[in-house]
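Visitor: I am new to this structure. Please show me how to read it, one feature at a time.

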Amino acid sequence: MPQDAPILIEANFDGLVGPTHNYAGLSFGNVASESNTGNASRPRDAALQGLSKMRALAEMGLLQGIIPPQERPHIPTLRRLGFSGTDEQIIEKAAKHDPILLAQVSSASCMWTANAATVAPSADSADGRVHLTVANLRSMAHRFIEGPQTARILRVIFPDRDRVTVHDPLPSADAFGDEGAANHTRLHDDLPHGQASSGIHLFVYGSHHADRQGQRPARFPARQTLEASRAIARLHQLDPSRTIFAQQHPDVIDAGAFHNDVVAVGSGPILLYHQKAFLDEAATLKACRQAVGDAFRPIRVDDDRVSVNIAVATYLFNSQLVRMDTGYAIIAPTESRDHVSVRSEIDRIIADPSNPITAVHYFDLRESMRNGGGPACLRLRVPLTSTEQNSVASGCILSRDGKADAAQFARLESWVRKHYRETLIPREIADPKLMHESRAALDELTQILGLGSIYEFQRGQ
Ligand code: SUG
């Protein structure tokens with residue numbers, strides 16, 4: 001690494017939970033989503049829980065960003081699928097003739113921004129630009145419709161074309177299923193000042209589409225293909241000698257780990273993973289060690305201490321690992337704290353001096369967790385130089401110089417309290433009033449975040 005390479009600071013861009021957050025049971029293979037089908041959700045609490053995690057991380061001195069929710073219900077998709085009339089009539093007809101479709105176009109699933117895109121920082125790409133490839137999320141209809149709007153929003157948040165390239169989603173074919181950063185980890189040597197300038201990219205896929213003999217899950221879909229991961233590595237102009245492709249174990253997908261971030265999390269030199277996470281554990285570790293060097297710190301959690309089922313239920317691995325002055329901190333969901341063996345595993349990791357993890361902070365993210373989204377699902381990591389940071393849409397950055405933007409947090413929290421319903425049951429998405437409430441909320445949000453007219457309803461489309 002050149003001596004004068006710019007310092008990279010990792011920003012977490014969290015997805016703000018939208019006003020239609022509900023439990024419609026749309027994600028086959030996602031145990032929490034399926035088991036909470038039909039339950040009442042609490043959209044206001046969901047958004048406030050997310051904001052309080054963002055605020056706490058900003059107050060810890062971390063660089064915190066925010067990505068606004070998408071417009072839901074998404075009327076343009078219903079029109080594209082043959083419904084016509086006024087927006088209200090379209091909702092009414094969809095509720096009557098295809099309630100599952102109405103649920104799909106009403107999901108607040110874009111909150112899980114780990115699935116928004118895959119990211120490479122400028123230090124790692126041959127053209128010196130930050131690259132983001134928007135995920136096509138083609139395995140689930142309610143998520144597939146996120147892609148085009150995600151691309152539009154990311155281009156507004158990262159408007160500097162000379163520094164940041166936002167690639168459109170990969171072509172939508174079985175071979176190119178892509179679920180974004182949830183199946184990608186950037187590791188790097190840990191420099192004394194806590195920041196690094198060039199990293200290695202571990203892409204984890206569920207299946208190699210072209211390999212008919214290859215192992216794949218039997219029950220649930222493998223959402224990420226090797227073909228997609230390879231395409232992203234090419235688009236991001238990564239150095240092949242610093243790029244690793246590893247297959248997730250099909251058995252853990254069948255046990256409900258629909259993304260790799262349900263069984264592994266990495267940051268800096270650390271890879272915290274479940275014993276059964278990878279099909280070939282030894283080869284994956286060897287490749288990481290070769291690429292990262294002696295600083296590499298794998299932390300394996302054995303199945304007899306925490307089973308895959310418990311990992312899926314508590315989201316131990318869906319934690320964030322954040323770099324503090326005193327070492328790394330685990331940002332974990334309270335479900336992990338409340339499970340005796342998971343909590344003792346976390347305590348063991350913190351007490352072990354052979355790894356740089358020194359603290360844990362637990363967050364109540366219950367509303368998101370009930371749809372299978374933990375702390376790590378809710379954020380997209382974007383490592384940025386200070387020049388790149390200055391080019392980001394300023395309303396979407398919630399911390400400056402290591403301090404939380406208290407005024408912006410206060411505006412966002414009172415906006416949630418003003419616009420969000422306390423509870424929502426899935427059949428209430430048939431109420432056109434919910435669409436109007438959501439639009440009023442999002443219209444005001446674009447002013448708070450200073451984003452202009454990013455939504456189709458604002459542009460009369
Ligand atoms: O794609 N749940 C999301 C959860 C995504 C979690 N993200 C990561 N692991 N990075 C999904 O399965 C449920 C929506 C519903 O059922 O209403 C949902 O889409």
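Guide: Keep in mind that this is a predicted model. Let us begin with exposure. D401 is exposed, because its relative accessible area is 80%, and exposed means over 50%. D401 is found in the loop between β16 (399-400) and β17 (403-404).

Visitor: What is phi of D401 near?

Guide: Here is the general idea. Most residues other than glycine have a negative phi. In this model, phi of D401 is near 45 degrees, a positive value in a residue that is not glycine.

Visitor: Where does Y315 lie, and what is its phi?

Guide: Y315 has a positive phi of about 60 degrees, and it is not a glycine. Look for Y315 in the loop between α11 (308-314) and β12 (320-324).

Visitor: Is Y315 buried or exposed?

Guide: Buried means under 20% relative accessible area. Y315 has a value of 4%, so Y315 is buried.

Visitor: Which residue just after α2 takes a positive phi?

Guide: That is G61, with a phi of about 95 degrees.

Visitor: How do I read helix α2 itself? How many residues does α2 have, and how far does it reach?

Guide: Compare its reach with the expected span. Helix α2 covers residues 43-59, which makes 17 residues. From first C-alpha to last, α2 reaches 24 Å, close to the 24 Å expected at 1.5 Å a residue.

Visitor: How many residues of α2 are buried?

Guide: Twelve of the 17 are buried, so α2 is mostly covered. Among the buried residues are P43, L48, L51, M54 and L57. Q49 and K53 of α2 are buried too.

Visitor: Now peptide bonds. Which residues does a cis peptide bond join?

Guide: The general idea again: most peptide bonds are trans. Here a cis bond joins R72 and P73, with omega about -5 degrees. P73 has its place in the loop between β2 (63-67) and α3 (75-80).

Visitor: What about polar contacts? What does the side chain of S107 lie 3.1 Å from?

Guide: Look for pairs of N or O atoms within 3.5 Å. A polar atom of the S107 side chain lies 3.1 Å from the backbone nitrogen of S109. S107 is in the loop between α5 (99-106) and β3 (117-120). Its relative accessible area is 9%, so S107 is buried.

Visitor: On to the ligand. How many residues surround it, and which are the closest?

Guide: There are 21 residues around the ligand. The closest are L26, S27, H142, D261 and C377.

Visitor: Which atoms of G25, S33 and R143 lie by oxygen atoms of the ligand?

Guide: Take them in turn. For G25, a backbone N or O atom lies 3.3 Å from a ligand oxygen. For S33, a polar side-chain atom lies 2.8 Å from an oxygen atom of the ligand. For R143, a side-chain N or O atom is 2.9 Å from a ligand oxygen.

Visitor: How much of the ligand does the protein bury?

Guide: Start from the ligand taken alone, which exposes 490 Å². The protein buries 100% of that.

Visitor: Where does the ligand sit?

Guide: The ligand sits in the largest cavity.

Methods. Residues are numbered from 1 along each chain as its sequence is written. This is a predicted model: local features need pLDDT of at least 70, side-chain atom pairs count only at pLDDT 80 or more; totals for chains, interfaces and linings use all residues. Side-chain values use heavy atoms; hydrogens and water are left out. Helices (H or I, at least four residues) and strands (E, at least two) are DSSP runs, numbered from the N terminus. The expected span of a helix is 1.5 Å times one less than its number of residues. Buried means under 20% relative accessible area, exposed over 50%, partly exposed in between (1.4 Å probe, protein chains only). A residue is near a molecule or strand if one of its heavy atoms lies within 4 Å of it. A polar contact is a pair of N or O atoms within 3.5 Å; within protein, one must be able to donate a hydrogen and the other to accept it, and residues adjacent in sequence count only if both atoms are side-chain atoms. Accessible areas come from the Shrake-Rupley method with a 1.4 Å probe; for residues, only the protein chains shown count as cover. On a 1 Å grid over the protein atoms alone, a cavity is a set of points where a 1.4 Å probe fits but cannot get out, and a pocket is an open set with protein on both sides within 12 Å along at least five of seven lines; lining residues have an atom within 4 Å of a point. A molecule sits in a cavity or pocket if more than half of its atoms lie within 2 Å of its grid points.
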